[in-house]
Amino acid sequence: MREMTATTTSLPLADRAAGLVGSVIDSSTSLLQRQTHDIVRFAMGSPAPEAIPTSILSEIGARELGHASSDAYDYAATEGDPRLREALLKTLTGISDETTDDRLFITAGGMQGLDLIGKIFIDPGDLVITESPTYTNGSATALSYGAELLEVPVDVDGMQVDLAEELVAATGRTPKAIYTIPTFQNPSGTTLSLSRRRRLLELADRWGAVVIDDDPYGMLRFDGTDLPTMHELAEGHPLVVSVRTFSKIVAPGLRVGWVSADPALHPLLINAKQAMDTCTNVPAQRLVAAFLAEGHLDEHLRTQRAEYRRRKLAMQSALQEHLGDIATWTDPEGGFFLWVTLHNGVDTQQLFEIALAEGVAYIPGPAFSPDGNFHDALRLCFASTAPDRTREGIARLRAAIDRLAG
Ligand SMILES: Cc1ncc(COP(=O)(O)O)c(C=O)c1O
């Protein structure tokens, strides 16, 4: 066959291809892999390599996956491997994310949960509320189904829900969905207050809008007291769909997560997932199932929370030392991220290349806004870097800022 070359513009692409916006956040993984010089990596939202329970997972793998009669290499039920479903239901019993067998649906990570919900609920032209800044991989799933996004600013108490009501009124439209990351938000680290959680649920009920409750960091609280999750506050309201993942609490490469949704949605979730990937990777589900069933999660989380607290404090003290005169930053009580705002006019997108050359990587603010706002801000992940390296990385960041500022 004659070799064909074509630019994408000459191909008969679907209209929806224009809505596939890609991810600056994810692209930084390959960008960083191509670098050969020493870089302090504050960019990705990953647990530290040493925070992944590799020896326990390897031991489980050898035991559960290493024999010929294992059915772990076969297809599994679309709604999830029974062993994982059972272990997860037990793990969640008595906590704010407790759910039931008829609501539980296993997914290939949190992203697939968000995509399935978008596929089921969002039509082209639908209005979807997002936080501003937000996790744009999440808002990208809504865009890929043709949503129009309405950004609602976040302050120290999370999304400004009263403002959401005003901004919606100004559009003269009714939103179809509200995308929220209520706890230790990515990227700002802020947490939606209890009163705003309640108010958001009231508004959603009034609008008939789906609440996409994306809460991957809630189990990583290291200070303060837990708030009830949106999932708990919703008390089974059919408009609230909760997306969870093992990526931040066990390991992101496993690609295992779950959704808790109204039982009536399950046939749709099954149909949508069968047209996507049939079932979630079975060996990975078995690793997580045994990790939970053998009771490792509690101890693992206890250790991680203490370490993340230490790392956050180290990053904040390094910021105080090196950027105290030109920047402010958030003070999260859990999760992975600090949101830093520069007050000296430096554009964090322009700064990125220089910072990379100086040996430090972060994600520029505009990557967290569908409209490209926040040129004065940047996201730092404190979770994946040990305190000594963090101090070095923040010193490099200051050197880069000074170079750009002249
Ligand atoms: C808010 C939020 N939602 C969803 C995800 C995606 O999770 P997963 O890696 O399990 O797909 C992330 C990961 O960074 C996240 O921060």
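The text below treats the cores, then the cavity and its lining.

The model is predicted. Its largest nonpolar core has 99 residues, of which Phe 246, Val 250, Leu 323, Leu 342 and Leu 380 touch the most other members. Domain 1 (14-53 + 298-405) and domain 2 (68-295) both contribute residues to this core, so it lies between them. Another core, of 21 residues, lies apart from it and includes Leu 127, Ile 129, Leu 192 and Ala 209.

Which residues is Leu 380 in contact with, leaving aside its neighbours within four places in sequence? They are Phe 42, Met 315, Leu 319, Phe 336, Phe 337, Leu 338, Val 340, Tyr 362 and Ile 394.

The largest cavity holds about 40 Å³ of space. Leu 114, Gly 118, Val 128, Gly 138, Thr 141, Ala 142, Tyr 179 and Ile 212 form its lining. Two or more lining residues come from each of α4 (109-121) and α5 (136-144). The largest share of the lining, three residues, belongs to α5.

| Class | Number in the lining of the largest cavity |
|---|---|
| Nonpolar | five residues |
| Polar | three residues |
| Charged | no residues |

Note on methods
Residues numbered from 1 in each chain as written. Predicted model: local features only at pLDDT ≥ 70, side-chain atom pairs only at ≥ 80, totals over all residues. Heavy atoms only, no water. Core = buried A, V, L, I, M, F, W, Y, C linked by side-chain atoms within 4.5 Å. Buried < 20%, exposed > 50% of the residue type's maximum accessible area, 1.4 Å probe, protein only. Domains from an automatic or database assignment. Contact = heavy atoms within 4.5 Å. 1 Å grid on protein atoms, 1.4 Å probe; cavity = no way out; pocket = protein on both sides within 12 Å on 5 of 7 lines; lining within 4 Å. Points joined across faces, edges and corners; volume = space filled by probe spheres on them. Helix = DSSP H or I, 4+ residues; strand = E, 2+ residues; numbered from the N terminus. Nonpolar A, V, L, I, M, F, W, Y, C, P; charged D, E, K, R; others polar.
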